[in-house]
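Thanks for coming. I have one structure today, and I will go through a few residues and what surrounds them.

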Amino acid sequence: MRIKSGMSARLFVLAIVLFLCSGCSSNAETFVTKIRAEATDKCHEGNQAACHTIVQQVSDTKVLIESTAPIEIQTPACNAGRQDACEQMAVLHGELSTWCTMGNGPACAAVKTGPWPAKWDEPALIDAAKMSCLSGQFKADSSTCQALQMM
């Protein structure tokens, strides 16, 4: 009987700890809130780079920051036939689309407004981007290759 009561007591204590921790925000969540607020403030002050910054929490300890600035540069290049630009755009679109499904408003806005390339096969371009990362065409620490690791 002592084992059962000891186990029950531990489960009760665990339940209390989980309940108390459920109201706490994680370090990543606090960081995301802070960076989003700072980016918004800097954007209102005229800092265009801050206006293009999107922050996403992907776990309790991991936060990703992405810039939408390449959309305006890479889209014309992709429309002009540059394969590498199309691959990078497809990965960025896929990443932002995923973040949008996680409730990230700025990512949803970027996905909706673009401007994205006129014609593209996103899944095929994402596969090609994976090959470009593996072959070294894109550096392993590039935003494209980093995003592919999270997708």
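F138 touches D84, E87, Q88, A129, S132, C133, T144 and C145, leaving out residues up to four places away in sequence. Bear in mind that this is a predicted model. F138 itself sits in the loop between α7, residues 122-135, and α8, residues 143-150. Take Q88 from that contact list. F138 and Q88 are 50 residues apart along the chain, and their C-alpha atoms are separated by 9.4 Å.

Is F138 buried or exposed? Its relative accessibility is 8%, so F138 counts as buried, the cut-off being under 20%.

Next, the core. F138 belongs to the largest nonpolar core, which has 14 residues. The residues with the most contacts inside this core are F138, V91, I126, A129, C133 and L148. Two or more residues come from each of α4 (70-79), α5 (83-101), α7 and α8. As background, nonpolar side chains in soluble globular proteins tend to be buried together.

Beyond its neighbours within four places in sequence, L148 is in contact with V91, I126, A129, K130 and C133. Another core, of 11 residues, lies apart from the largest one, and its members include L64, A107, A110 and W116.

Last, T68. Where is T68 found? T68 is in the loop between β2, residues 63-67, and α4. With a relative accessible area of 10%, T68 is buried. Setting aside neighbours within four places in sequence, T68 is in contact with H52, I54, L96 and A110. A110 is one of the residues of the 11-residue core.

That is what I have.

Methods:
Residues numbered from 1 in each chain as written. Predicted model: local features only at pLDDT ≥ 70, side-chain atom pairs only at ≥ 80, totals over all residues. Heavy atoms only, no water. Helix = DSSP H or I, 4+ residues; strand = E, 2+ residues; numbered from the N terminus. Buried < 20%, exposed > 50% of the residue type's maximum accessible area, 1.4 Å probe, protein only. Contact = heavy atoms within 4.5 Å. Core = buried A, V, L, I, M, F, W, Y, C linked by side-chain atoms within 4.5 Å.
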